[in-house]
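Subject: Structure handover

Hello,

Here is the structure I promised you. Please open it alongside this note; my findings follow below.

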Amino acid sequence: MKRTLITGFPRIGEKRELKKALESYWSKKISIEEFEKICYELRKKNWLYQRDNGIDFISCNDFSLYDNMLDTIVMLNAIPKRFRKIDNKYEQYFGMARGYKESPAMEMTKWFNTNYHYIVPELSKDMDFKLDSSKIMSEYNEATILEIYPKINIIGPITFLGLSKTHNGESSFEYFDRIMPVYENLVRKLSELDKEVHLQIEESIFVKNPDDQKLELLRIAYNKLASVSDNVKIIVTTYFEHSVEATSILADLPIWGIGLDFVYGNKNIEALELLKDKDIKLIAGLIDGRNIWINDFRKTLSTLNKINNQIEKDRIIISSSCSLLHLPYSIENEPYSKIKKWLSFSCEKVKEIYLISQIFHSDKLSENDIILKNEKLIKEKGISTILKNEKVIKKIKNITNIKREGNYLERLSIQENMLDLPEIPTTTIGSFPQTKELRNLRKDYKKSIISKEEYEDGIKKYIDYCIKFQEEVNVNVLVHGEPERNDMVEYFGEMLEGFHFTKRAWVQSYGSRCVKPPIIFGDVDRLKPMTVKWIKYAQSKTNKIVKGMLTGPVTILNWSFVRNDKPRHDVAKQIAVALSDEINDLQLAGTKIIQVDEAAFKEGYPLRKENITDYEKWAVENFKLAVSTAEKGTQIHTHMCYSDFNDIIKTIEKMDADVITIENARSGNEILKIFKEVGYKNKIGPGVYDIHSPRIPSIEEIEEQIRLYLEIFPKKQIWINPDCGLKTRKWHEVQKALNNMVKAVEKIKTNR
């Protein structure tokens with residue numbers, strides 16, 4: 001009997017093989033044949049690992065060259081018009097993701113409340129929806145050659161539409177009747193593959209308070225899909241939260257299985273009554289697919305017993321809570337550390353799923369050595385002294401001030417006099433290109449190949465270059481370029497107590513972009529200034545203002561793997577206190593503008609409306625606590641990217657930053673209209689070009705963008721900047737783009 005399932009597996013590779021292959025292919029260092037071979041070897045390795053470690057339902061089509069939503073766009077032939085004439089399928093595919101010649105890339109945003117980015121489908125009436133199943137068929141055939149008969153993963157029709165956008169104000173769900181025949185055709189085609197084919201259809205839009213329209217479309221869609229073929233066994237999967245409403249619909253449909261998340265969707269237990277007497281398999285997501293701590297077997301088995309009270313054992317399949325895409329590959333790649341024994345990455349989660357399944361179907365639970373060993377580790381972690389810092393706990397208890405002095409208008413008057421900036425000032429978000437030489441410099445220093453003096457000389461030279469370049473193109477407010485920083489979260493965590501850093505635990509963020517999230521395992525404390533030295537040095541090289549650059553408490557929290565023995569808001573507060581001390585030290589060193597980035601503020605939002613108020617309250621409080629030491633004359637900037645601000649604009653106002661810079665270039669200025677509608681008074685810097693694309697915007701293109709901004713906001717309220725940091729770009733791209741940006745501003749000011 002088949003008892004184990006993985007929702008999806010990481011594709012970036014144990015050593016980031018996909019990242020390296022993508023970048024080599026894009027730079028024409030390897031051929032398409034070489035690129036495809038590397039991708040096949042990655043798929044093969046993933047499949048064989050799961051098979052050899054007890055997984056019964058192994059996925060295909062969870063692998064993607066860039067993004068699964070982009071794959072679905074191709075599968076449905078939902079190609080935007082500007083890319084349709086590209087004959088080469090790879091150029092077309094990557095063109096949609098990264099931009100192609102004069103055609104800008106498609107919008108990219110966060111996948112639910114994760115740090116993974118997906119390509120946002122653009123729907124239009126001129127689209128000719130039709131099936132392209134070549135990728136699915138190819139991967140399925142590859143697996144069967146290895147004698148693996150995988151389940152096939154696809155994104156479901158309602159989730160696809162719910163995460164799409166249109167350009168003329170129509171509802172994306174008006175396209176339901178046009179894409180459903182394509183999905184039906186896919187099921188029909190899959191039925192020809194074998195006597196029994198399992199199809200996992202992901203419909204996680206239903207964890208977000210689905211309305212009646214979505215629920216009715218769910219009923220229609222899966223009645224249709226389940227009736228196409230008896231030998232295609234449809235599993236409808238949700239994750240990241242509960243989906244009780246959807247389960248109430250699906251329970252009465254002729255599908256084979258339902259996947260539910262019992263780690264982050266506690267209320268899914270309530271949905272089991274709906275499945276009690278049904279002939280439907282339950283894929284129970286019990287192993288955490290989003291955090292890196294070992295599973296508490298006793299706790300998981302207790303949940304399983306609650307499930308078993310409603311659902312018979314032979315109907316329960318043990319699974320990950322979601323795709324393991326959000327986790328690093330394996331702890332085997334990590335050196336010894338005090339916390340390593342408590343960690344579990346993707347490969348270890350696979351083993352946990354198999355062990356839980358074996359134990360669950362055993363009659364001797366209390367005598368099981370595996371449980372006893374696991375229980376010892378869990379207990380040891382719970383009482384460990386390395387998790388607690390009494391000094392931090394006492395400091396948190398004594399906090400009295402959680403917001404800065406003065407209202408915005410009072411601060412604005414003081415700041416304008418002190419800063420003396422021109423009309424429509426220009427700046428960048430913070431980072432400049434992370435060159436190979438820079439990465440090697442940091443690497444050599446960490447390995448003690450070069451001395452501290454040699455390392456610091458290299459950092460100073462890079463800062464000198466950044467300052468000189470910005471002065472040459474006449475940027476108004478400068479940045480030091482962040483050459484000392486490997487990552488905007490990792491850099492700070494390395495200087496804070498309570499953080500652990502891995503060596504090779506990479507996670508895909510989008511395409512070839514990978515991050516190595518820190519692990520917050522204990523109480524957070526700042527032992528010394530973290531940024532003052534380099535900001536002070538940069539300021540000494542110019543008469544222009546250099547911004548201090550910090551990552552905000554909510555973003556550090558949301559971009560880390562967080563301890564699971566303390567509430568997240570308490571961890572965020574500890575980080576906020578550390579940052580408030582840093583801001584005070586920056587001020588004392590003469591820094592006049594300090595940017596506290598909250599790029600992941602929206603990312604942490606609960607998926608259920610009923611949980612949002614609590615999150616907003618503590619997230620805003622902790623941002624305010626972080627900047628509470630800022631004097632009235634110190635201008636506080638924040639940066640937010642890839643967010644839909646429509647439902648959080650009031651919360652942004654409560655944060656009360658003096659200037660907010662935002663990702664905007666891919667959104668068609670829809671974001672700005674939201675700020676206008678609510679009468680946002682503080683200053684705003686909408687991104688004028690997309691930094692995730694190698695495409696360089698012309699002066700005229702940026703000028704047109706700025707003119708559109710000035711139709712929405714008065715010029716005294718506007719700052720001009722790129723969408724985000726420039727670390728992923730090449731220097732020649734940055735130099736041309738920033739030069740064009742500044743010239744566009746100068747033309748605007750001359751011609752108005």
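The chain holds 26 helices and 22 strands. Both are DSSP runs numbered from the N terminus: helices are H or I with at least four residues, strands are E with at least two. This is a predicted model, in which local features need pLDDT of at least 70 and side-chain atom pairs count only at pLDDT 80 or more, while totals for chains, interfaces and linings use all residues. Residues are numbered from 1 along each chain as its sequence is written, and side-chain values use heavy atoms, with hydrogens and water left out.

Overall size

The C-alpha atoms fill a box of roughly 75 × 60 × 50 Å along the principal axes.

Helix 3 and helix 4

Helix 3 covers residues 68-76 and helix 4 covers residues 89-98. Their axes come within 11 Å and cross at roughly 130°. Axes are lines fitted to C-alpha atoms, for helices over the stretch in contact, and angles run from 0 to 180 degrees between N-to-C directions. Helix 3 is therefore oblique to helix 4. (Under 35 degrees counts as roughly parallel, over 145 as roughly antiparallel, 65 to 115 as roughly perpendicular, and the rest as oblique.) Helix 3 contributes Leu70, Asp71, Ile73 and Val74 to the contact; helix 4 contributes Tyr93, Met96 and Ala97. Contact means heavy atoms within 4.5 Å. By class, that gives 6 nonpolar residues, no polar and 1 charged. Here Ala, Val, Leu, Ile, Met, Phe, Trp, Tyr, Cys and Pro count as nonpolar, Asp, Glu, Lys and Arg as charged, and the others, Gly among them, as polar.

Helix 17 and helix 19

Helix 17 (residues 452-473) and helix 19 (residues 532-539) have axes that come within 10 Å and cross at roughly 45°. That makes helix 17 oblique to helix 19. On helix 17 the contact uses Glu456, Ile459, Lys460, Ile463, Asp464 and Ile467; on helix 19 it uses Lys533, Trp534, Tyr537 and Ala538. The classes are 6 nonpolar, no polar and 4 charged.

Strands pair if DSSP finds at least two bridges between them. Strand 13 pairs antiparallel with strand 16 (residues 519-526) over 4 bridges. Glu497 has Asp525 of strand 16 as its bridge partner.

Val392, Lys395 and Ile396 of helix 14 meet Lys573, Gln574, Val577 and Asp581 of helix 21.

Another open sheet has 5 strands in the order 17-19-20-21-22, with parallel pairing. Strand 17 (548-551) and strand 22 (683-686) are its edge strands. The twist averages 20° from one strand to the next. Strand 17 runs parallel to strand 19 (residues 593-597), joined by 4 bridges. Gly548 has Ile594 of strand 19 as its bridge partner.

Best wishes
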